[in-house]
Amino acid sequence: NDIKAVFLKKVSLAKITYDYSDENKDSKLKSERLSAINELIEMISDPKLFTSLFIPHIDILMEIITKNIFRPLPCLKRNSINLGMNDTGIDNEEQESDPSWPHIRGVYEIFLQLIVNEACDVKTLKQYITPNFISEFLQLFDSEENEEREFLKNILHKLYAKLVPRRRMIRKAITDCFQVLIHDIHKFNGASELLDILASIISGFAVP
């Protein structure tokens, strides 16, 4: 029971989102929250805890995941004209990063561990992975954060592998996304990652 109370406390801390644009605001609370997320990542790797705590509370965990990852993507204002070193000797690619990323990264890690764990069955997961969820998820591929796109690619791949009943829907959503991109003048950051996923899906088709 003690461990369950600890788990629920960590979950309630992870649930709260803060304004990360001002690093001095709520800094202690943000630090507590990041610790809670990291401790949940440690707990999720314990098979016993996964079955006894994570699975019965999957609805709250999915709420945390959607609340955190579905957000307006930050514009990191990278200097794409001069991609070399700037006057300060800092590589411009590294200059700006999303201050909320360490928190969101942890939430992606929890999501990934949820999907790959065999104790989380298709029936349980399927109810959360709706057409709306996939549609919003694909929009996140426009993230300027390379690591985020890597997480998204990995997660979508694992979802496709595990959720056989949702495969057709996922393929259709990716195709729809490309139909929009063809006519869009906006540069979509994750186009190559989506193409990678489609390529591996297609190569996995069985020959009739």
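**Pocket and core**

Modeller: The largest pocket holds about 280 Å³ of space. This is a predicted model: local features need pLDDT of at least 70, side-chain atom pairs count only at pLDDT 80 or more, and totals for chains, interfaces and linings use all residues. Residues are numbered from 1 along each chain as its sequence is written, and side-chain values use heavy atoms, without hydrogens and water.

Biologist: What counts as a pocket?

Modeller: On a 1 Å grid over the protein atoms alone, it is an open set of points where a 1.4 Å probe fits, with protein on both sides within 12 Å along at least five of seven lines. Lining residues have an atom within 4 Å of a point. The volume is the space filled by probe spheres set on the points.

Biologist: Which residues lie nearest its centre?

Modeller: Tyr-18, Tyr-20, Arg-71, Asp-98 and Ser-100, out of 17 lining residues. Helix H4 (58-69) and helix H5 (101-116) each give two or more residues to that lining. The lining divides into 7 nonpolar, 5 polar and 5 charged residues.

Biologist: New topic. How many helices and strands?

Modeller: The protein has 10 helices and 0 strands. Helices are DSSP runs (H or I, at least four residues); strands are E runs of at least two.

Biologist: And the largest nonpolar core?

Modeller: It has 55 residues. Members are buried (under 20% relative accessible area, 1.4 Å probe) and joined through side-chain atoms within 4.5 Å. H5 gives the largest share, 9 residues.

Biologist: What does Phe-111 touch?

Modeller: Leaving out residues up to four places away in sequence, Phe-111 touches Met-62, Ile-65, Ile-129, Phe-133, Phe-137, Ile-155 and Leu-159. Contact means heavy atoms within 4.5 Å.

Notes:
Ala, Val, Leu, Ile, Met, Phe, Trp, Tyr, Cys and Pro count as nonpolar, Asp, Glu, Lys and Arg as charged, and the others, Gly among them, as polar. Buried means under 20% relative accessible area, exposed over 50%, partly exposed in between (1.4 Å probe, protein chains only).
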